[in-house]
Amino acid sequence: MAQKAGNQTTDQQDPKYIAQIKLILEAFGRDVGVHPPEWEKEGADYLYRIGTVLVRDKDLPRVVELFQGGTTGEGGIGGVTRLLLPDKVPPNAPEGPNATQRFLALADQRLGRGAVTPEHLFYVTPSVSPCPATEPEEVAQGIPPDPVLPTPFLPAGAADGRGVKVVVLDVGWSDAPAAYWLNGVTGDPEDAFFPSGRIRPYAGHGTFIAGVLRAVARNVEVVVKSYFTSAGAMWEFDLAQALDEVLDLAPDIISLSAGTRTRFDLPALGLDVFVQTRLNRVNGLVLVAAAGNENSRDYFWPAAFPETVSVGALADNGRDRASFSNFGGWVDVYAPGENLVNAFLTGSYECTEPPNTGQIRDFTGMARWSGTSFSTPLVAALIAGRMSLTGESARQSADALLAFALTQPSPGVGPVLTTGDALASLGQ
């Protein structure tokens, strides 16, 4: 997306970002809106669902009264309601580009900002656009994963994640039998190929993430769930419900490489309710979330919640911040996230991003990829690795690793964790 500096924008006509958002618009059609309306010139702040808003349950009666109607939607979690807006906007509503924005402006005026929010659209490979920092790139056949533990057979005392369960919310799981380190990974199958046999955009993302987890913590239990099935995106209300459902699997760690910016940079209401009423009440559970690929210090949710472990990406040299990574005081730690190599699909892929649009890439089960999407499972794997050696809860292990990261900050970046730090944090 276009990045903001005061009232100025940069990259506002970057064809890469325009192409990425157009993929979302094609998938979601008239259900999705982009703010501001002139986003192709001004840059996109957030994407939202036309005709709906989110409201805390306790505020619902006064919101329905203010809006002179509305219908509650189904699903979600207790504590927050998806409100389908009435057909007519009250005559006293402020002006706005469309009816949904006028209802939101009316609620701001009468109830204060944040009482009613849009239903934001969340994306895998987090950015305001659906694509990662780069599209997957080909690697030579037989190349090993990078980063990786030194051998497939780990010595006693290795930080291998044994006994720890990580659930990944993503596009789903594509079995990659050639990657021995993925043996035992389970999950929901993804719809990875077009009828023509070509690899879909976003496909293989969950498999790559599982590969990073297993390359760093070889024996961690990994379950990849398929929720982001439409152009790698899903609505906020549905994501809150999905996170709630995942708790039934009793994970130690949830790894989420998805997110969004929000209206006025306020916490995403649906996920705020999940964090406060669900996540915080499960002893020891940790949500590790990607900081986003916008090269921005603006809050990116859910990574910006203080209860999460938010992960930015280091550049290929292991010292600098990756050029695409979000940053700021809300980012807890940075980890390798540029030019990682891991398991992918086998088949042909057509690039969708300029300047490579239309280029065909052929994959044989491995790829090189960049993004905070992939620094996130690396940190989740380090937490799991330390847990397997110490018996700590995920929360305790995460806190200890973040404290260790503060002892080795990278100048101009912040706290850093690298592949061997599960052991290094124990003085080994």
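**Figure 1. Salt bridge between Glu-350 and Arg-198 in the predicted model.** The closest N and O atoms of Glu-350 and Arg-198 are 3.3 Å apart; a salt bridge here is a side-chain nitrogen of Lys or Arg within 4 Å of a carboxyl oxygen of Asp or Glu. This pair links distant parts of the chain, 152 residues apart: Glu-350 belongs to strand β17, and Arg-198 to the loop between β9 (186–187) and α5 (205–216). Helices (H or I, at least four residues) and strands (E, at least two) are DSSP runs, numbered from the N terminus. Glu-350 is partly exposed at 36% relative accessibility, and Arg-198 is partly exposed at 30%. Buried stands for under 20% relative accessible area, exposed for over 50%, and partly exposed for values in between (1.4 Å probe, protein chains only). Residues are numbered from 1 along each chain as its sequence is written, and side-chain values use heavy atoms, without hydrogens and water. Because this is a predicted model, local features need pLDDT of at least 70 and side-chain atom pairs count only at pLDDT 80 or more, while totals for chains, interfaces and linings use all residues.

**Figure 2. Salt bridge between Glu-40 and Lys-22.** The N to O distance of this pair is 3.9 Å. Glu-40 is partly exposed, with 34% relative accessibility, and Lys-22 is partly exposed, with 42%. The whole structure holds 16 salt bridges.

Figure 3. The volume of the largest pocket is about 360 Å³. On a 1 Å grid over the protein atoms alone, a pocket is an open set of points where a 1.4 Å probe fits, with protein on both sides within 12 Å along at least five of seven lines; lining residues have an atom within 4 Å of a point. Grid points are joined across faces, edges and corners, and a volume is the space filled by probe spheres set on the points. The lining has 9 nonpolar, 4 polar and 4 charged residues. Ala, Val, Leu, Ile, Met, Phe, Trp, Tyr, Cys and Pro count as nonpolar, Asp, Glu, Lys and Arg as charged, and the others, Gly among them, as polar. Arg-200 also forms a salt bridge with Asp-191, with 3.3 Å between the closest N and O atoms. Arg-200 is partly exposed at 25% relative accessibility, whereas Asp-191 is exposed at 56%.

**Figure 4. Second largest pocket.** This pocket has a volume of about 270 Å³. It is lined by 21 residues, and Ala-178, Ala-179, Thr-364, Gly-365 and Met-366 are the closest to its centre. Strands β17 (340–350) and β18 (360–369) are the elements that give two or more residues to the lining. By class, the lining divides into 14 nonpolar, 6 polar and 1 charged.

**Figure 5. Surroundings of Arg-278.** Arg-278 sits in the loop between α7 (269–277) and β14 (286–290). Its relative accessible area of 19% makes Arg-278 buried. Beyond its neighbours within four places in sequence, Arg-278 is in contact (heavy atoms within 4.5 Å) with Ile-77, Gly-78, Asp-244, Leu-247 and Val-273.
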